[in-house]
Amino acid sequence: MPDDALGRPYQVPVKREPLLPNGVMGMLIFVATEVMFFSGLISAFVIGKSNAIGGWPPPGQPRLPVEETAFNTAALLASGVCLYFANRAFREGAARAKGLLLASILLGGFFVLFQGAEWVALVREGLTLTSGQLGGFFYLIVGTHALHVVAGFAILLYTYNKLAHGDLSRFTFWPAQIFWYFVVGVWPVLYWLVYL
Amino acid sequence: MGAVAVGSVADLARACPSCASPLEENRQAFVDTTILLTFLPLIMIGGFIWWLRRKAQQLEQPPEIAVPETLLRDIRPLPKER
């Protein structure tokens, strides 16, 4: 083995890959706090719902659009599936990653717009934040989720911009995916609890 | 004085409105959500540590070295010493 200038045996520095990239670690901790936050909201809703006198949904309140939202739920789930395949294509270096990521973003945007339209219709029917327990819980829980979808939408747009310019690393793409999978994964639970 | 205050003034605190609810469904919902909020963080932290340990063990495995076919062809058993 060759020696260095001081006569010590030369050692090849080995750079080990980190166990978990910082961005992924940070996002996982953030998502864990978000899971607890949504669990708190869900718990408050479940207790409030079980305490309602006269059944749930409370009488005299507008009905929530179950079928339309089921369609919207499918769009959000499809967005998650597109992101999964975009990641696979990205790892293989395939050009279709861009198209799949764009499809995921567009489906996420569709979900937000559809929900906005749904909210306008509900407000017109008289369901507001202060109209009762149903309105209060509905806008708090679904609104908080919608805020997360908007944030995730912005993160995916940023990711797409990096991918389009050819400087997207997997350490940037991975945290973005974790956040979007959380947003997609928590929605069916909220739909089942709030709408059904 | 403290003992007098505790003995004469203090009463059972009803801090949990659901615990004394006459509705069985409400009491059950309180128990269910308490279980959820107690165990969910423990499951998440435990699952994360388990996953990290597994990943660390995988990284510690020595990498397999690819041996060319031409070298493998030349390998013969050693002759027995007499």
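**A conversation about the model**

Author: Let us begin with one residue: leaving aside residues up to four places away in sequence, A:Gly108 touches A:Ser79, A:Val149, A:Phe153 and A:Trp180. Please bear in mind that this is a predicted model.

Reader: Where is A:Gly108 found in chain A?
Author: A:Gly108 belongs to helix α3 of chain A, which covers residues 96-125.

Reader: Why does A:Gly108 count as buried?
Author: A:Gly108 counts as buried because its relative accessibility is 0%, and the cut-off for buried is under 20%.

Reader: Let us turn to A:Thr69. Which helix holds A:Thr69?
Author: A:Thr69 sits in helix α2 of chain A, residues 66-92.

Reader: And is A:Thr69 buried or exposed?
Author: A:Thr69 is buried, because its relative accessibility is 0%.

Reader: What does A:Thr69 touch?
Author: Not counting residues up to four places away in sequence, A:Thr69 touches A:Glu118, A:Trp187, A:Tyr191 and A:Tyr195.

Reader: A change of topic: how many salt bridges are there over all chains?
Author: The structure holds two salt bridges over all chains. A:Arg96 forms one with A:Glu92, and the closest N and O atoms of that pair are 3.6 Å apart. B:Glu24 and B:Arg27 also meet through their side chains in a salt bridge, at 2.8 Å from N to O.

Reader: Is A:Glu92 buried or exposed?
Author: A:Glu92 counts as exposed, because its relative accessibility is 53% and the cut-off for exposed is over 50%.

Reader: Where do B:Glu24 and B:Arg27 lie?
Author: Both B:Glu24 and B:Arg27 lie in helix α2 of chain B (residues 24-60), three residues apart, or about one turn of the helix. B:Glu24 is partly exposed, with a relative accessible area of 46%. B:Arg27 is partly exposed too, with a relative accessible area of 31%.

Reader: How many helices and strands does chain B have?
Author: Chain B has three helices and zero strands. Along the sequence its pattern reads α-α-α.

Reader: What percentage of the residues of chain B count as buried?
Author: Of the 82 residues of chain B, 9% count as buried. Chain B exposes about 7,800 Å², with carbon and sulfur atoms supplying 64% of that area.

Reader: How many residues are in contact between chain B and chain A?
Author: On the side of chain B there are 19 residues, in contact with 16 residues of chain A.

Reader: What area do the two chains bury between them?
Author: Chain B and chain A bury about 1,500 Å² between them, and 77% of it is on carbon and sulfur atoms. The residues on the side of chain B that touches chain A divide into 13 nonpolar, four polar and two charged.

Reader: How many salt bridges and polar contacts does the rule find across that interface?
Author: Across the interface the rule finds zero salt bridges. It does find three residue pairs in polar contact, both residues being at pLDDT 80 or more.

Reader: One last topic, the peptide bonds. Which form does the bond from A:Trp56 to A:Pro57 take, cis or trans?
Author: The peptide bond from A:Trp56 to A:Pro57 is cis, with omega near 0 degrees. Most peptide bonds are trans. A:Pro57 lies in the loop between α1 (22-50) and α2 of chain A.

Terms used:
Residues numbered from 1 in each chain as written. Chains lettered and ligands numbered in written order. Predicted model: local features only at pLDDT ≥ 70, side-chain atom pairs only at ≥ 80, totals over all residues. Heavy atoms only, no water. Contact = heavy atoms within 4.5 Å. Buried area = accessible area lost by both parts, 1.4 Å probe. Salt bridge = Lys/Arg side-chain N within 4 Å of Asp/Glu carboxyl O. Polar contact = N/O pair within 3.5 Å; in protein donor to acceptor, adjacent residues only side chain to side chain. Nonpolar A, V, L, I, M, F, W, Y, C, P; charged D, E, K, R; others polar. Helix = DSSP H or I, 4+ residues; strand = E, 2+ residues; numbered from the N terminus. Buried < 20%, exposed > 50% of the residue type's maximum accessible area, 1.4 Å probe, protein only. Areas by Shrake-Rupley, 256 points an atom, 1.4 Å probe, with all protein chains shown as cover.
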